[in-house]
Amino acid sequence: MTAVRLGVLALQGAFREHIAMLNRLNVEAAEVRLAAQLDDLDGLIIPGGESTSMGLVAERWGLVEPLRQWVHGGRPTWGTCAGMILLAERATGQKLGGQALIGGLDVTVNRNYFGRQVDSFEAELEVPALGEVPFHAVFIRAPAITAVAEDVETLATVAAIQNDDEAVIAAVRNGPILATAFHPELTDDPRWHRFFVQMVQDYMAHST
């Protein structure tokens with residue numbers, strides 16, 4: 001297995017849990033707070049948290065433009081929950097005044113689709129890319145993807161609370177970008193992290 005070095009954006013949110021999961025897979029992982037720390041990474045995870053707060057801190061620390069350059073430069077990136085919002089090209093349901101989006105993921109995200117913290121839930125997701133065993137997903141004040149471009153691959157859907165007969169998109173892949181509306185780092189199942197590591201390894205193999 002090709003060794004990779006991954007960064008986890010450590011401005012706010014569940015970055016420690018991502019690092020712990022990566023360490024379980026014997027993957028080197030580092031906290032990222034400064035633009036210069038992006039330089040020696042093979043891939044980047046933008047964790048869950050509070051997307052508006054993360055965007056404000058990123059702006060204050062001069063990280064928004066370096067992050068945009070990273071993502072739009074085609075570098076492997078995974079956004080979970082709030083991270084998915086920041087990666088989206090378009091976001092609805094934002095707070096007054098909106099927030100800085102990194103972009104690069106050609107989807108529309110509803111920022112607070114499933115409601116408030118009290119509306120958090122767990123669900124068994126069918127994810128063919130991870131194998132036959134369903135993934136037990138934890139949704140915490142979660143967003144949802146409501147529209148995707150043609151080249152975006154849907155990896156998982158979840159039943160919509162507003163309409164039991166419909167499902168909304170909970171995970172996608174768009175080239176080197178992975179996004180999940182839920183928190184794989186809060187489970188004991190490493191399959192999503194292993195999937196992203198494989199994405200990074202594939203990128204490295206084709207870029208050399």
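E28 is partly exposed, with 46% of relative accessible area (buried means under 20%, exposed over 50%, partly exposed in between, using a 1.4 Å probe and protein chains only). The model is a predicted one, in which local features need pLDDT of at least 70 and side-chain atom pairs count only at pLDDT 80 or more, while totals for chains, interfaces and linings use all residues. Residues are numbered from 1 along each chain as its sequence is written, and side-chain values use heavy atoms, with hydrogens and water left out.

E28 pairs up with R5 in a salt bridge, with 2.8 Å between the closest N and O atoms (a salt bridge is a side-chain nitrogen of Lys or Arg within 4 Å of a carboxyl oxygen of Asp or Glu). This pair links distant parts of the chain, since R5 sits in strand β1 (residues 5-9) and E28 in strand β2, 23 residues apart. Helices (H or I, at least four residues) and strands (E, at least two) are DSSP runs here, numbered from the N terminus. R5 also meets D40 in a salt bridge, at 3.3 Å from N to O. D40 belongs to the loop between β2 and β3 (43-46) and R5 to strand β1, so this contact ties together parts 35 residues apart in sequence. Put together, R5, E28 and D40 form a network of salt bridges. R5 is partly exposed at 22% relative accessible area, and D40 is partly exposed too, at 48%. The whole structure holds six salt bridges.

Another of these bridges joins D106 to R90, with the closest N and O atoms 3.1 Å apart. D106 is in strand β6 and R90 in strand β5, 16 residues apart, so that distant parts of the chain are again linked. Both count as partly exposed, D106 at 28% and R90 at 36%. The two strands themselves, β5 (residues 88-92) and β6 (residues 105-110), pair in the parallel sense over four bridges (two strands pair if DSSP finds at least two bridges between them). R90 has T108 as its bridge partner in β6. T108, in turn, is partnered by A147 in β9, and β6 and β9 (residues 144-148) run antiparallel, joined by four bridges.

A cavity is a set of points on a 1 Å grid over the protein atoms alone where a 1.4 Å probe fits but cannot get out, and lining residues have an atom within 4 Å of a point. The lining includes L9, M54, G55, V64, L67 and I102. α2 (51-60) and α3 (64-72) each supply at least two lining residues, and α2 gives the most, with three.

In α3, V64, L67, W70 and V71 are buried. Seen down the axis of α3, these buried residues fall within an arc of 125 degrees, so they line one face of the helix (the arc is that of the directions from the helix axis to the C-beta atoms). Just after α3, G74 has a positive phi of about 85 degrees.

N26 is exposed at 72%, whereas C81 is buried at 3%.

How values were computed. 1 Å grid on protein atoms, 1.4 Å probe; cavity = no way out; pocket = protein on both sides within 12 Å on 5 of 7 lines; lining within 4 Å.
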